[in-house]
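User: Please take a close look at a single part of this model, the interface between the chains. Give me the cut-offs as you go.

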Amino acid sequence: MDINLTLIGQSIAFVVFVIFCMKIVWPPLNRVIEERQKVIADGLAASERAGKDLENARATAEEELNAAKKQAAELIDQAKKRAAKLIDEETSRGHAEREKIIASGYSEVEAERVRVREDLRQQVASLAMAGAEKIIERELDAQKHSDIVEKLVAEL
Amino acid sequence: MATNGTLTSTDYIKHHLDPLQIGEGFWAINLDSLGISILLGIFFIWIFSSVAKKATTGVPGKLQTFIEMVFGFVDTTVKDSFHAKSKLIAPLALTIFVWVVLMNTMKLIPVDFLPVIAGTLGMWFAADKAGGFVAENSTFVERAMDHPWSYIKAAPTTDLNTTVALALGVFILIIYYSVKHKGLGGFIKELTLSPFNHWLLIPFNLVLELVGLIAKPLSLSLRLFGNMYAGELIFILIAMIGLWQLPLHFPWAVFHILIILLQAFIFMMLSIVYLSMASEKHE
């Protein structure tokens, strides 16, 4: 168990192994591990970001949905009001039209009646005149009795 | 190995604690700890670099996950304790941790396993080097253990040279970082003028601070070595008691898994802390 030349040999071996470790073992291992750490960190960050995005998207979707619902309700309301208004308008317009048509019918009928009565009176007058002419031709001088005839006609 | 006539218990323990060595005195080289530690270091660099090369930033495979787990563990520890910026500390900590874990793990190989294999190989390929201490009628295992190659020890961290080499590397870095971050003047000032800021007390301070400085690599290397060596000794003692070693070896090995990881972690942690202290500015 004495110190001898082995010490020198072991020292040289030790130095050589440390240098080898420093040159060809440590740097590549360190690089690989650091790269993997970076990859994992990136992955974690990405997943966190994705989770946040999802949350945001959900919130946005809900908001949009609510807005759409509200809009739809408004539209339906408006449509209902519009429909009611239209019905009202049309009904009142129809009523007015009916009244107008009826009124014009009445006046037309009245006018016709007046015209027909005038016609009839004329015809009756001429018929009476013709009859009276016939009678008078036969019995009397026409000129003598015309005042009576005219009185008759006026009474018709 | 408990049942032999020619080998005493002392011989057996000594056999297992002596390294496989060539050369004499200071110029000797412990082939076992040097060879096995280099093989394990190459294994570490090979497996980590091959994973790093093929690593994907996508879903990782199981091996890549494991490697990244070790990487992340070391990275977190370094980032928690070392606040200055450095490209060296983290790879240094990773190398120390994994290499020491691998070297310590060799202890889980039963103590006679590698020696018998190595001794057998020795008898085949280098029969002329056999020790020649065994009788003609000895068993195959005894003969294998007689061969010098069987002195091989599995765990390099039970060799003081290995742990001192690691601590020495850290110690040199401590001095380098101290000088780099505090300047040479700052470093010398720290050694001479603290804890007592008076010129008369410079020698006293110097002794205190130098002891503190030297204690760092010393404690680092001796802690790891002591733990591993003592554990190895217990393994050897357990291996000596014959059949009863089976129920004993298992719990000790299980307990040792904890020590293997703990000691490697302590070595890495303390290295980081020492270097972090060295690169701190006091002003």
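**The interface of chain A and chain B**

Chain A and chain B bury about 3500 Å² between them, where buried area is the accessible area (1.4 Å probe) that two parts lose on being put together, summed over both. Carbon and sulfur atoms carry 77% of it.

This is a predicted model: local features need pLDDT of at least 70, side-chain atom pairs count only at pLDDT 80 or more, and totals for chains, interfaces and linings use all residues. Side-chain values use heavy atoms, with hydrogens and water left out; residues are numbered from 1 along each chain as its sequence is written, and chains are lettered from A and ligands numbered from 1 in the order in which they are written.

On the chain A side, 27 residues are in contact with 53 residues of chain B; contact means heavy atoms within 4.5 Å.

Now the charged pairing. The rule finds one salt bridge across the interface, that is, a side-chain nitrogen of Lys or Arg within 4 Å of a carboxyl oxygen of Asp or Glu. A:R36 pairs with B:E68. Their closest N and O atoms are 2.8 Å apart.

By class, the side of chain A that touches chain B has 18 nonpolar, six polar and three charged residues. Here Ala, Val, Leu, Ile, Met, Phe, Trp, Tyr, Cys and Pro count as nonpolar, Asp, Glu, Lys and Arg as charged, and the others, Gly among them, as polar.

Polar contacts complete the picture. Eleven residue pairs between chain A and chain B are in polar contact, both at pLDDT 80 or more. Such a contact is a pair of N or O atoms within 3.5 Å; within protein, one must be able to donate a hydrogen and the other to accept it, and residues adjacent in sequence count only if both atoms are side-chain atoms.
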